Amino acid sequence: MEPRSDGPQRSDAQRNRERILEVALVELSRSVDVPMSVIAKKAGVGQGTLYRNFPNREALILEVYRHEVQQLTDRAAELLKTREPDQALRAWMDRLARFIMAKTGLADALRQAAVATGGPEPSGYSLVVESIELLLNANHEAGTIRPGVTADDFLLAIAGIWQIDIRGDWHAQVTRLLDLIMDGLRAGAPGRG
């Protein structure tokens, strides 16, 4: 069942929805069995508001994931408008790492939602690849990364992120890994002096 969408939401309703999604991401990453009432309480909304937006746990879980994918993919174009291509790519890599950590935390919840709805686990893979290609193309045009790097190359290079334990201080490890990858992408770039 899809979340209700009777047209544009009032700004307070939109803020409530966003807050529910933020809290649900954190809480569902910690425990797939977190009660919906806990999510509502921590989001500062009543259960009626929660269920008006998300009629059941599965709808909430799937929307949390869809929302995260959308934020990640939208961020690529936003960054390219305000930063140099290599800086945009590096900043987006940080956002990608947060997305990967969230997806890792949500893995059990996503599997349960897929079973309950009878559908496959949501992927978002093609949207993420499109964002990677957008960023890489901008960097190739600017000469800020080595020529010929493909989205597949990039995904293979960042695959180590999946090995990092999300229960520890993952941020420091991810930052170091992504800095190393970015240094490698910049090596041999034609536009670098």
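Helices (H or I, at least four residues) and strands (E, at least two) are DSSP runs, numbered from the N terminus. The structure described here is a predicted model, in which local features need pLDDT of at least 70 and side-chain atom pairs count only at pLDDT 80 or more, while totals for chains, interfaces and linings use all residues. Residues are numbered from 1 along each chain as its sequence is written, and side-chain values use heavy atoms, with hydrogens and water left out.

The chain contains eight helices and zero strands. Read from the N terminus, its elements follow the order α-α-α-α-α-α-α-α. The C-alpha trace spans about 60 × 35 × 30 Å along its principal axes. Of the 193 residues in the chain, 41% are buried. Here buried means under 20% relative accessible area, exposed means over 50%, and partly exposed lies in between (1.4 Å probe, protein chains only). A contact means heavy atoms within 4.5 Å. Among the contacts with a separation of 6 or more, 69% are between residues 24 or more positions apart.

The chain is divided into two parts, domain 1 (7-55) and domain 2 (65-186). These bounds come from an automatic or database domain assignment. Taken over C-alpha atoms, the centres of domain 1 and domain 2 are separated by 25 Å. Seven residues of domain 1 and nine residues of domain 2 take part in the contact.

The size of an interface is often given as the accessible area lost when the parts come together. Buried area is counted in that way, as the accessible area (1.4 Å probe) that two parts lose on being put together, summed over both. Between domain 1 and domain 2 it is about 650 Å², with carbon and sulfur atoms giving 66%. On the side of domain 1, L25, S29 and V32 lose the most area to domain 2, and together they account for 61% of what that side buries.

What kinds of residue make up the side of domain 1 that touches domain 2? That side has four nonpolar residues, one polar and two charged. In this division Ala, Val, Leu, Ile, Met, Phe, Trp, Tyr, Cys and Pro count as nonpolar, Asp, Glu, Lys and Arg as charged, and the others, Gly among them, as polar. One residue pair is in polar contact between domain 1 and domain 2, with both residues at pLDDT 80 or more. A polar contact is a pair of N or O atoms within 3.5 Å; within protein, one must be able to donate a hydrogen and the other to accept it, and residues adjacent in sequence count only if both atoms are side-chain atoms.

Side chains of opposite charge can pair when their charged atoms come close. By the salt-bridge rule the count comes to 10. One of these salt bridges joins E22 and R19, whose closest N and O atoms are 3.3 Å apart. Both residues lie in helix 1 (residues 11-30), three residues apart, which is about one turn of the helix. E22 is partly exposed at 45% relative accessibility, and R19 is partly exposed at 36%.

R90 and D94 are both in helix 5, four residues apart, about one turn of the helix. R90 counts as buried because its relative accessibility is 13%, whereas D94, at 26%, counts as partly exposed.

The salt bridge between E68 and R95 has an N to O distance of 3.4 Å. This pair links distant parts of the chain, with E68 in helix 4 (residues 57-82) and R95 in helix 5 (residues 85-117), 27 residues apart. E68 is buried, with a relative accessible area of 9%, and R95 is buried at 10%. Salt bridges also link R17, E63 and R66 in a network.

S131 belongs to helix 6 (residues 125-142) and is buried, with 5% relative accessible area. Which residues does S131 contact, leaving aside its neighbours within four places in sequence? They are T73, A76 and W92. D183 lies in helix 8 (residues 170-186) and is partly exposed at 48% relative accessibility. D183 and I145 are 38 residues apart in sequence, and their C-alpha atoms are 9.1 Å apart in space.

Conventions:
A salt bridge is a side-chain nitrogen of Lys or Arg within 4 Å of a carboxyl oxygen of Asp or Glu.
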